[in-house]
Amino acid sequence: MNVWIAIGLTVVGCYAVKLAGLLVPAGALERPLVRRLSALLPVALLAALTAQQTFSTGSALVVDARAAGLAAAGLALLLRAPFLVVVAAAVVVTAGVRALGG
Amino acid sequence: MREAPTPDERPRAAVVRDALGVGVAVGLSGFAFGVTAAGAGISTLQACVLSLLVFTGASQFALVGALAAGGNPFTAAAGAFFLGTRNAFYGLRLSQLLKLPRPVRPLAAHWVIDETTAVALAQPDRKSARLGFTVTGLTLYVLWNLTTLLGALGAEAIGDTRAWGLDAAGPAVFLALLAPMLKTSTERAVAALALVLGLGFLPVLPAGVPVLIAALAAPVVLWTKGRRP
């Protein structure tokens, strides 16, 4: 049930902000501070989520095979690999390290 | 409502090629979402509802990640919502560019995401922008939903997604979304502070809350920069 509540809230919230952008008069959201913040908020969230999903299990900090997988994804990004290759690199390396007992 | 063609209007084929390229490449990554959702204990139906009705990748990954970590529905949805707020600013750009008729806007809004915005903004004229937006939106929507279903079913079929390394797909997606945003020292400072806050509070606060605290890195860094002479 909790999952459906979360899904419902996310559906409504995410659609509302999309629609707001198309309906709100340009001036309302165009203040420089609002624009700067809206560009930086995703940076903060994505950085925190990347770190948490790589280095935690539940509420414990752990370093495991996922760290190697993320390093592989980082390398693929530096080499300008396409999106799917980046994700595949992380998956394959993580699976490989686990298979080797990491 | 046809508009007079301008001399520098792009050929339709070129616009469609660009749009299909982006739509197919990103649409296929719905597979990673389906797999991640199944690995997080989200049912196939729930994963498909998310792709059909939320349709903004980072928010979807954030939501299932937070739920998998044991977050309560409100903090999980809040993280997903904050990630979605950037779409409002895409909408502002697009409403000036596409000049959509009012009745179309509620429908078009669902397709206002990173990729459709990027393709539309890259076009030199309104007609190409509308075509690019529509083709990218349609391709991405169809493929993203199809591959979400396949990914969720596939992950259910193979059982332990961890043994296949599939739990690394989520963070890799986040990293791929984040990397192009790290252009200036401000962005890097925000990312670094968010990382420290996100990991630092993880062991001591309920699931989902640390990531919201990490979001404060954005106003904190802006405020610090603003105070510097």
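These legends walk you through several views of a predicted model with chains A and B.

Residues are numbered from 1 along each chain as its sequence is written, and chains are lettered from A in the order in which they are written. Local features need pLDDT of at least 70 and side-chain atom pairs count only at pLDDT 80 or more, while totals for chains, interfaces and linings use all residues; side-chain values use heavy atoms, with hydrogens and water left out.

View 1. Look here for five helices and two strands, which follow the order α-α-α-β-β-α-α from the N terminus. Helices (H or I, at least four residues) and strands (E, at least two) are DSSP runs, numbered from the N terminus. The C-alpha atoms fill a box of roughly 55 × 40 × 25 Å along the principal axes. A compact globule of 102 residues would have a radius of gyration near 13 Å, but chain A has 19 Å. That radius is taken over C-alpha atoms, and the globule rule is 2.2 Å times the number of residues to the power 0.38.

**View 2. Confidence along chain A.** The pLDDT (the predictor's confidence in each residue, from 0 to 100) averages 91 in chain A, and 99% of the residues score at least 70. The model as a whole scores ipTM 0.89 and pTM 0.83.

**View 3. Chain B is built with helices.** This chain has 13 helices and zero strands. Its C-alpha trace spans about 60 × 60 × 30 Å along the principal axes. Chain B has a mean pLDDT of 90, and 96% of its residues reach 70 or more.

**View 4. Where the two chains meet.** Contact (heavy atoms within 4.5 Å) involves 65 residues from chain A and 88 residues from chain B. Together the chains bury about 6,600 Å², 78% of it on carbon and sulfur atoms. Buried area is the accessible area (1.4 Å probe) that two parts lose on being put together, summed over both.

View 5. Which residue of chain B forms a salt bridge with A:Arg98? The partner is B:Asp167, with the closest N and O atoms 2.8 Å apart. A salt bridge is a side-chain nitrogen of Lys or Arg within 4 Å of a carboxyl oxygen of Asp or Glu, and the count between chain A and chain B is one. Several elements of chain A each supply at least two residues to the side that touches chain B, including helix 1 (2–23), helix 3 (32–55) and strand 2 (60–61). The largest share, 22 residues, comes from helix 3 of chain A.
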